[in-house]
Amino acid sequence: MNLSSILKPDAVKVISEASSKKRLFQRLAEAAEASYGLDGDAALEALLEREGLGPTGVGSGIALPHARVKDAKAVRGVFFRLERPLEFGAVDRQPVDLVFALFAPENSGVDHLKALALISRTMRDAGVCEKLRANDNPATLYTVLTEGRPSQAA
């Protein structure tokens, strides 16, 4: 599995402002609907439900919201770079500016976990995050996210 199999170029965006976490989730769901044909309302509801279990802000300005969505046919991602960091309730209490949302079929099982692990490894790479924060062109951001990296699998 690699990020190019999860993420389409048109699902990578630079967002000038999100006024709240809920509004950010609405925009993520809209992007998932536009890029992958998911039901935007169902995607939003699933993100909000998952976030209700605990914040998906993992620290260092990164959030990895994820949810299982009934009509998803495969694991899919949406990436946003926020021009204005958003308070997110992250574990380190820092606002978030890099958001990689993951949408998975309800019965995706291990594929959902593998994709989440891949995204987490990618987003923990300080060099990747530095490049993401230094660019505002979605095509460049997509390339940074999907360029080949040595596998960390055992």
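Trainee: Hi! What percentage of the 154 residues of the protein count as buried?

Mentor: Hi! In this predicted model, 45% of the 154 residues count as buried. Buried means under 20% relative accessible area, exposed means over 50%, and partly exposed lies in between, with a 1.4 Å probe and protein chains only.

Trainee: Which strand is joined to β1?

Mentor: That is β5 (residues 76-86), which runs parallel to β1 (residues 7-15) and is joined to it by 5 bridges. Two strands pair if DSSP finds at least two bridges between them. As an example, Ile 15 has Leu 82 in β5 as its bridge partner.

Trainee: And how do β5 and β6 run, parallel or antiparallel?

Mentor: Antiparallel, with 7 bridges joining β5 to β6 (residues 96-105). Phe 79 has Phe 100 in β6 as its bridge partner.

Trainee: Switching topic: where is Arg 93?

Mentor: Arg 93 sits in the loop between β5 and β6. Its phi is positive, about 65°, although it is not a glycine. Arg 93 is exposed, with a relative accessible area of 71%.

Trainee: What about Asp 92, which residues is it in contact with?

Mentor: Asp 92 is found in that loop between β5 and β6 too. Leaving aside neighbours within four places in sequence, Asp 92 is in contact with Gly 59 and Ser 60. Contact here means heavy atoms within 4.5 Å. At 31% relative accessibility, Asp 92 counts as partly exposed.

Trainee: You mentioned Ser 60. What is its phi?

Mentor: Ser 60 has a positive phi of about 60° although it is not a glycine. You'll find Ser 60 in the loop between β2 (57-59) and β3 (62-63), and it is exposed at 55% relative accessible area.

Trainee: Is Ala 72 buried or exposed?

Mentor: Buried, at 8% relative accessibility. Ala 72 lies in the loop between β4 (66-69) and β5. Not counting residues up to four places away in sequence, Ala 72 touches Leu 38, Ala 104 and Pro 105. The C-alpha atoms of Ala 72 and Glu 106 are 7.6 Å apart, although the two residues are 34 apart along the chain.

Trainee: Last one: what is the radius of gyration of the protein?

Mentor: It is 14 Å, which agrees with a compact globule, because 154 residues would give a value near 15 Å. The radius is taken over C-alpha atoms, and the globule rule is 2.2 Å times the number of residues to the power 0.38. Along its principal axes, the C-alpha trace spans about 35 × 35 × 25 Å.

How values were computed
Residues are numbered from 1 along each chain as its sequence is written. This is a predicted model: local features need pLDDT of at least 70, side-chain atom pairs count only at pLDDT 80 or more; totals for chains, interfaces and linings use all residues. Side-chain values use heavy atoms; hydrogens and water are left out. Helices (H or I, at least four residues) and strands (E, at least two) are DSSP runs, numbered from the N terminus.
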